[in-house]
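Here's one to pick apart together.

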Amino acid sequence: MKQIRRTHCKRSNIALALVLGLFFAVPAKAQNNVVYESKGVKFYQSEHVDFYHWQDIEDESQIKYLAHVVDQVERSHRFLSSYLGHTLSKRPNIVFYRTQSTFTSTYIIGGHGVSEGVLAFALPTGHLLEEYVLAIKLDQSLKEYDATITHEMAHIFQFDMGPGVWDRLLKRESGPPWWIMEGGAVFLAQVYNSSRTDDLREDIRRGAGANPEKDLPTWFDLNQEMADPYTFGAMTLRFIEEKYGEDVVKKFLVRAFQDGEDLIEVLAELTKGAVRSPEQFDEAQRDFWREKFGPEMFAKPRPYQENEY
């Protein structure tokens, strides 16, 4: 979902138009009731989330997909609330499109639309940021929804937990770094569904871990946004979890999302001094991944070593 990052600077205008359009078009909400209106938008309210969709309720396949999305959003909500120890202060709005064309055409503002590679995105929007919106399209496989929805729901929890997140979206100097925001969302989606892996990024991580002096970003690189946050942010959080424990990475994420603290000092506190400085953290991470991936990588035969005879 690399293209999502390129849409951040436009999100406030995009979402404002979306939410205003929906709230002027859709009539009063009734729990667990689908509402029809002239433009074809329907409303459904689950336990924690409000859904807007264009599904044909007479089409069994469309309703199957919608039911899966509703179920997955609620499951992700429960997982994230439990893992992060946080209850959302407001109900998110989920906008569910049937096709890529309707997804992009609805979001064209001033000639700009959502690029074809984007599967979904989440953002705070509306007057004084009182609304959360997650937009997702239909034409994905059911398995693709699981990690995608959890990733975007993680962003909604970030918005709710830390006011600095919105500053980061607006490209200001404050707010959590990108490796915390996007890497945190990737990490949480992987924790939720450990059986699903991003093969391409995982190959990059393995390669960097096998040769960390050359390919593994440093703490400085991550925080100066000189490394891919999706790939290496999640990798760094996984290192913290495997090296220092699940409780440490949970507490670290919560405090990082809330923003305002020096993250190395947070780690030093949570690890009881095991982390002492950025340089020491880098050394510990290099040693960890080298030991984990180095033997595996260098044990593979090179092309010139292979002999099929």
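This is a predicted model: local features need pLDDT of at least 70, side-chain atom pairs count only at pLDDT 80 or more; totals for chains, interfaces and linings use all residues.

Q: What makes the pairing of the Thr-150 and Ser-76 side chains a polar contact?
A: The cut-off for a pair of N or O atoms is within 3.5 Å, with one able to donate a hydrogen and the other to accept it. The two side chains are 2.8 Å apart at this contact, so the pair qualifies.

Q: Which residues does Thr-150 touch, leaving aside those up to four places away in sequence?
A: Ser-76 again, plus Gln-72, Phe-79, Leu-80, Leu-188, Ala-189 and Tyr-192.

Q: How do you know that the span of helix 3 is close to the expected one?
A: The expected span is 1.5 Å times one less than the number of residues. For helix 3 (residues 60-84), with 25 residues, that gives 36 Å, and its first and last C-alphas are 36 Å apart.

Q: Is Ala-208 buried or exposed, and why?
A: Buried: its relative accessible area is 3%, and the cut-off is under 20%. Ala-208 belongs to helix 8, residues 199-210. Beyond its neighbours up to four places away in sequence, Ala-208 touches Asp-215, Leu-216 and Phe-232.

Terms used:
Residues are numbered from 1 along each chain as its sequence is written. Side-chain values use heavy atoms; hydrogens and water are left out. Helices (H or I, at least four residues) and strands (E, at least two) are DSSP runs, numbered from the N terminus. Buried means under 20% relative accessible area, exposed over 50%, partly exposed in between (1.4 Å probe, protein chains only). Contact means heavy atoms within 4.5 Å.
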